[in-house]
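This report covers the overall fold, the domains and the ligand surroundings of one protein model.

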Amino acid sequence: MIKKIRHVLGISGGKDSTALAIYLKNLYPQIDMEYYFCDTGKELDETYGLINKLENFLGKKIEYLRGANVEMPFDHFMKLNGNWLPSSPNRWCTSKMKLEPFEKFIGNDLAISYVGIRGDEDRDGYVSSKPNIQTIFPFRRNIWSNEMIKNLLNNDNINFIVDTYSTITEQRDKLLQILQIVKEPLSPRFSQTTKLNALLSLDITLFNKVMFLYLHTINAVVGQLDKFPLVGNEDNLDKQAIFNILLKSGVGIPEYYKALEYEVNGEKGIYNRTRSGCFFCFFQQKIEWVWLYEQHPDKFWASVAYEKEGYTWIQGESLLDLIKPERIQKIKEEHLKRTNLKSKRTKSGLLVDVFKNDEELGCVSCFV
Ligand code: SF4
C-alpha cells in the first residue's frame, strides 16, 4: 500500500513564509497543504493579526503548535532552563518551541516540508535531520536541500545522471552540453556549487526531473510520489517578488514591517522591525529595540521584566541603559548614517533595497 505523504508549511508570521503559502495555493491548488505556526506566546499582536488574515485567504486553519500545553510556552521553558535567558549560543527557545513541536506534529509520517528561503538569500533554511521529512525550497531555482544535491552529484552517480539525462532530453545540442558538465567529476577545481549552477543554467526542469528519478532510487520522500508538480517550477523569487505576492493577494505586508519615521538632529530616518518571532528576540538590532520601546512600550517593558543583574537580552547592555535619551539619540544617529549610506549605494532608495541584508542574521526556523 502506498503510504500517504503529508505536505506541510510552517508560518512564522514573517513575510516569506506568508508569501510562500499564498504562492503555493495560487500555483499548486492540488497540493493538500497543512499549515502550522509554532506559538511561543510572545509574538507581536501584528503577527497574530497576519496569521488571521492568512487563514482567511487560504480558507484553511493554521494549526497552532505549542512546545508545552500552557498559554505561555516561553515562560514555561525558561523556568525549566533555570531562568536563563536564551542567547545566540544557547538557543533552547528554538529547539523547545519550534523544532521539537514541529517534529512531534509530523511524528513518523512521511512529509514534505516547504520552506520560504528566497532566491536572493545566501542561507539554508532549517532542514530536519529526520529521514521521513524532506525539505523543499520553492522560491529558489534550486528547490532541493544541500544534502539531496550532495547525494545526487556524488561522483559515483555520474553514470546514472548521464543515462537519465540521455533518456529524457529531446534536444541533442542541449544534451551534449549537459553531458559535458555531468561527466566532469567533482574536484577541488570543479565544486558541487559550480556543477549545480551550470546544470541549472542549462535547464532547471530537466535537472529537477533527473533529481526526481534519483529520489525514486533512494526511496526519499518526494521519490515516493508518482508526480511532483514542483519539478516544473523554474521561479527564482527575490524580496521584491515576495512583497508583490503579499500586496496582490490582499493579505499585505506584516504591519511591523512598515516603515515609520523618526527624527534625529532635525533629520528624518525610517525604522521598522525586520523579522517575525518573539518581541524580545536577542537577534534584533538595537534600532529595533528602540522601535519596540517607542511603538510597543508594553512589550518593551515586558522584555525589561526578564532582565536581571548580569542577564540581559543584549550582551553588555541592559534595556534600561539602552533607553537613556543620549543612548537612543546615538542609536538613531548610527542607524540613519547606515541607512543613508546604503540608500546611496542602492540608488533606488526603495525600502526593499534599503533594508536588504538587515534581516539576514538570525534563526532559520524563526525568521522565514
Ligand atoms: S524568535 Fe528569537 S527568542 Fe524567539 S524562539 Fe526564535 S530565536 Fe528564540
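## Model and confidence

pLDDT is the predictor's confidence in each residue, on a scale from 0 to 100. For the protein chain it averages 92, and 94% of the residues score at least 70. Over residues 348–357 the pLDDT is below 50. Beyond near neighbours in sequence, that stretch has 14 contacts in the model, a contact being two residues whose C-beta atoms, placed from the backbone, lie within 7 Å.

The model is predicted: local features need pLDDT of at least 70, side-chain atom pairs count only at pLDDT 80 or more, and totals for chains, interfaces and linings use all residues. Residue numbers start from 1 along each chain as its sequence is written.

## Overall fold

The protein chain holds 15 helices and seven strands, taken as DSSP runs (helices: H or I, at least four residues; strands: E, at least two) and numbered from the N terminus.

Of its 368 residues, 33% count as buried, that is, with 20 or more other C-beta atoms, placed from the backbone, within 10 Å of their own. The C-alpha atoms fill a box of roughly 70 × 50 × 40 Å along the principal axes.

## Domains

An automatic or database assignment gives domain 1 (5–141 + 235–249), domain 2 (150–217) and domain 3 (259–354). The C-alpha centres of domain 2 and domain 3 are 47 Å apart.

## Ligand surroundings

Around the ligand are 12 residues, of which Cys-93, Gly-277, Cys-278, Cys-281 and Cys-366 come nearest; a residue is near if its C-beta atom, placed from the backbone, lies within 6 Å. Domain 1 and domain 3 each supply at least three residues of this shell.

Methods. Buried ≥ 20, exposed ≤ 12 C-beta atoms within 10 Å, placed from the backbone.
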